[in-house]
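Here is a friendly briefing to read alongside the model. Take a look at the sequence and structure first, then carry on below.

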Amino acid sequence: MSECAIRVKDLRKEYPGRSGPVKAVNGIDLEIARGECFGLLGPNGAGKTTTVEILEGLNQPTSGEVEVLGMTWARNASAIRQRIGVTLQETRFPDKETVHEVVTVFRSFYHKGLEPDSVLARVSLESKASAYVEQLSGGQQQRLAVAVALVGDPDIVFLDEPTTGLDPQSRRQLWEVIREFRDRGRTVVLTTHYMDEAERLCDRVAIVDQGEVIALGPPAELIARMGGEHIVEFAVEGPADETTLPESFRDLDSVLASRAESDGIALTVAEPHRAIPALLDELDRRARPLARLTTRHVSLEDVFVSLTGRHLRDDETNADAPPTRRGRRRAL
Amino acid sequence: MLESSPLAQLYFVRLRDFYRQPARVFWVYGFPTLLAIALGFAFRNRPPAPVQADLVAGEHSNAIKIVVANHNAIAGRVTKGQVSLAPVIELAEHPRAEAINRLKTGKTPLVIEPEDAESWTYRYDPTRPEAAAARQVVDEVLQEAAGRTNPRGTRDIAVDDPGSRYIDFLIPGLIGMNAMGGGLWGIGFLLVNFRVAKLLKRFVATPMPRRDFLLALLGARLTFILPDLAVLLLLGTLMFGMPIRGSLLLVLGIDMIGALAFAGIGLLVGSRATTTEAVSGLMNLVMLPMWIFSGVFFSSERFPAAMQPFIQALPLTQLVSALRQVMLEGAGLVQVAPAIGILAAWAIVTFTLALKMFRWS
């Protein structure tokens, strides 16, 4: 048996568009090992879903090679389907089916698999077994979707944006389910545009932008590649002038990089205890008081921004949007 | 084991989905029943409507009153299954001025004013059909009472045999309409709903045998045909005494082939549409011509001859007319074979096309 759960070589997908073909996937190479939790991280429209749907056999690539568990979709489609589980973005199961019935129906499609009751226990939906789908909350519906993905006892499970739109508690519950599955030696491929999800859950991530993988590796390693481990974010009082330009702070002690944030400046810093005094001295010299100062650890979001100059989530490119940093922030 | 049979499981989903939605049960069973009852009563055969007339009070009015009373005594009576078909005359006596005023204001269609013992005047507006009819009936009764004889013998027979009434015509039409609605809503609309909910895509991501998915849909359609048919047939026979002159099995067989033809059309309509708005439009486009032309409520033979080839090619026309032939005329398989052939052709062509066009996402 191949050690590789998934192998992708020079994958390309073009859609016809109004002004010439649109390259949704533009030459992606991936090797995902068995037992790995692998994340495709990127903004909406980066090509994550297209890539995953090609891996799931739901979409045909324009060119490139795809191997799933050592098999190809052209020759072994039904054998692959027996061994993978899938959640799509926003599947709505029939309103008037009970949770148990939905899982039982999907169980019948697989030669081997789990008992509906045990798979419901795994996603903590036992108490909802006889509830109609329409009575479930968003988080419960998403857990049902995961239960349906797991009922065939798959070797690989594909989760497309599994926690989008869920409250923090539901997200954590789902993370537990995913970790538990991975810990039994199974492979997880998930897409997300939440960097904290990728950081906490994934053994490795591929950062995808405009149909290409722009960074690949364990989250900690990608963060380490930034050079510094800390981000200092601050804003100054007063009018926009030289002092509000990121370039003015690039040469401070221990500062590795500097960039404009939605309402201030973010410095990538190796040692905060040296960089912050230097920053305060510099602002003193310019006689500009601070409006705000926070520090946090570098996140994958910062990796993405440093690679592309853009934020992962569309709403954060808007300068008027309230800051919604998801890093482990601590206020000073 | 049914637990592990995809076909059985998918079939149960369809059944549960139906009976757990009371609104849907109403539209499929309740609505046609109510429609049949309402139309059955609205178009039921009534005894001839009575005729109204005013009589001007005076010394000669009494003779006319007696003649009319004698006539009315026979008019309402049923003797040995034969009804006297001459209508009852409702005569009201008023002073002259008041009677004429009532005529002017439309409260009575006819005023009879005796002149002497043997002659009288009719006042009425001849352009009003009920006034002309009243004058005709009253004059005939009064002349015959005065001794006029009819040189030729005639006899009136009221036609109200089961099988020839509107309700008998309507029930097979409603059965056909239910088969059409079932195929288009139960398959076309359902598929598009599944596509919108990404359920179709979710299904093909599993090793589900795709054939089983289609067979479960068809199996459920054919299952629902049974109560569909039973409700309308029981209503017709128990409530309205409708006859079923041909084979009940043939009625069921025709309805099933019709249901398959409409299932094919539903599959075609739902094969690609990605929004419920799009599929609703397509369904209306398909169903509207059949509601109008296929003779569900009124005979399709009233449409011009030039349109008949088109009308006869519609599956609902063939389904409804074959059902009527078997139920009302006692036709056998041979007589309805052409209709069955046309329905089967619809089923085969639409299924072939739909399976080629079908998209899971």
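This is a predicted model: local features need pLDDT of at least 70, side-chain atom pairs count only at pLDDT 80 or more; totals for chains, interfaces and linings use all residues.

Residues are numbered from 1 along each chain as its sequence is written, and chains are lettered from A and ligands numbered from 1 in the order in which they are written.

**The helix pair in chain B**

- The axes of helix 12 (residues 315-329) and helix 13 (residues 333-357) of chain B come within 9 Å and cross at roughly 150 degrees; axes are lines fitted to C-alpha atoms, for helices over the stretch in contact, and angles run from 0 to 180 degrees between N-to-C directions.
- Helices (H or I, at least four residues) and strands (E, at least two) are DSSP runs, numbered from the N terminus.
- The crossing of helix 12 of chain B with helix 13 of chain B is left-handed, meaning that the near helix is turned anticlockwise from the far one by less than a right angle (clockwise would be right-handed).
- Residues of helix 12 of chain B that meet helix 13 of chain B include B:Leu319, B:Ala322 and B:Val326; among their partners in helix 13 of chain B are B:Ala339, B:Leu343 and B:Trp346. Contact here means C-beta atoms, placed from the backbone, within 7 Å.
- This contact between helix 12 and helix 13 of chain B has 10 nonpolar, four polar and no charged residues (Ala, Val, Leu, Ile, Met, Phe, Trp, Tyr, Cys and Pro are nonpolar; Asp, Glu, Lys and Arg are charged; the others, Gly among them, are polar).

**The two domains of chain A**

- Chain A is assigned domain 1 (4-222) and domain 2 (226-331), with bounds from an automatic or database domain assignment.
- Their contact takes 15 residues from domain 1 of chain A and 11 residues from domain 2 of chain A.
- On the domain 1 side, helix 7 of chain A gives the largest share, four residues.

**Where chain A meets chain B**

- In this contact, 20 residues of chain A face 22 residues of chain B.
- Helix 2 (73-83) and helix 3 (99-107) of chain A each supply at least two residues of the chain A side.
- That side of chain A has nine nonpolar, five polar and six charged residues.

Key
Two residues are in contact if their C-beta atoms, placed from the backbone, lie within 7 Å.
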